[in-house]
Amino acid sequence: MAAAETGALPTEERVGQVVLPGDVLLLPSHPEADGERLWLGPGAALPGRLVCGPGLRSCGAGLLVTKCGLLRHRQSGGAGGGSGGAYWVDSQQKRYVPVKGDHVIGIVTLKAGDIFKVDVGGSEQASLSYLAFEGATKRNRPNVQVGDLIYGQFVVANKDMEPEMVCIDSSGRANGMGVIGHEGLLFKVSLGLIRKLLAPNCEIIQELGQLYPFEVVFGMNGRIWVKAKTIQQTLIVANILEACEHMTPEQRTQAFAKLSER
Amino acid sequence: MQKNLCACFFQFMQRGLDSETKKQLEEEEKKIISEEHWYLDLPELKEKESFIIEERSFMPCEDLLYGRMSFKGFNPEIEKLMIQMNSRYKKEEIEADDTAEADVSDEEMARRYETLVGTIGKKFLKKRDQRVLQDEDENSNMRPSKAKKMFLKPQD
């Protein structure tokens, strides 16, 4: 049985390729010991802080891959003169795991005294305090019923504790978070599609925006809420968003052309 | 040792004790307490300074946009929010871009300041000197300035 050597390959070579859990990625300018921290190569800046994103973990030699997918890299803007880049694994999954700072859409399932229990699609329901809304005080309670949709972000989300979410940011303002309106349609897609749609220059969103006036909320837990003027338009937008994951750009332009004819 | 402790404690609580004896008792108590503490008899482990920050969220990696969007004026508040939130992300990148367009060019500023010093300076001149300046300004020919009236010592 030939032991396949997964091999510790330099990271730059693997960017854009498929990586599997267990692969070790070597970092080029990894400091050997404490004394050699300031390793200034010819014309090279300080290595700086490297961000090890989702799907990667730091081990002794470099980065250890924990999810299968494509390895991505992003060079940092250079604000501090080489503050390192970011590496992460672009993987696909449908099941959401709560992460601190993520904005998600949740459904209120329980109203128990001072807190609401919100279903976010994770293994546990998140708790949301009634004071975590803009302008909420003990006397002035927010108007939240069971079954309402909430757009909020996580403040506590780790594997040891129940996730907690809030609908205000650190300065106390709502910034669009809170209860989402009553009408509209909520549906579920995969997590990779959400990230694709929220990417900075997403063509799908730009093209859709020129079709009809509508409103959409993307939750990082795979949930999308859409509302348009008529039910038919709402359903059309929802169908496009669901289907665009598996359409090629040409098919997409065809579909849009057909719709804009009507 | 227990009896010793109790005795120390009660002595400590008594009023009218010297401050010296009190201090002594305090020190003894501290010594006893610190000796009872447990500690690991291991060599000191040096923590390697790591340059790697572990991040579990996709937001900083991929620069995702804000999750609420509205198109064609369906919800004007959300459209305002979109511009605000997305520019906030961009603002952090373009911090060093301080090339703001100046409304007034540098040369004009220099010229203004030159004359400004003169005009403000006039304000602080004494009245006599101000009159002198006025005469100069009105006539293009320079009049011989009057001798300033000073105290003349009376001659014998």
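Strand S16 (residues 214-218) of chain A runs antiparallel to S2(B) and is joined to S2(B) by four bridges; two strands count as paired if DSSP finds at least two bridges between them. Within this pairing, B:Phe71 of S2(B) is the bridge partner of A:Phe214. The model is predicted: local features need pLDDT of at least 70, side-chain atom pairs count only at pLDDT 80 or more, and totals for chains, interfaces and linings use all residues. Residues are numbered from 1 along each chain as its sequence is written, chains are lettered from A in the order in which they are written, and side-chain values use heavy atoms, without hydrogens and water.

- An open, antiparallel sheet of four strands has the order S15(A)-S17(A)-S16(A)-S2(B).
- Strand S15 (185-188) of chain A and strand S2 (68-71) of chain B are at the edges with a single partner strand each, so one side of each has no neighbour in the sheet.
- On average, neighbouring strands of this sheet are turned by 20° against each other, direction ignored (axes are lines fitted to C-alpha atoms, and angles run from 0 to 180 degrees between N-to-C directions).

**Chain B: elements**
- Chain B has six helices and two strands, as DSSP runs (helices H or I, at least four residues; strands E, at least two) numbered from the N terminus.
- Their order from the N terminus is α-α-β-α-β-α-α-α.

**Chain B: burial and contacts**
- Of the 156 residues in chain B, 14% are buried, meaning under 20% relative accessible area (1.4 Å probe, protein chains only).
- Among contacts in chain B with a separation of 6 or more, 15% link residues 24 or more positions apart; a contact means heavy atoms within 4.5 Å.

Notes: Buried means under 20% relative accessible area, exposed over 50%, partly exposed in between (1.4 Å probe, protein chains only).
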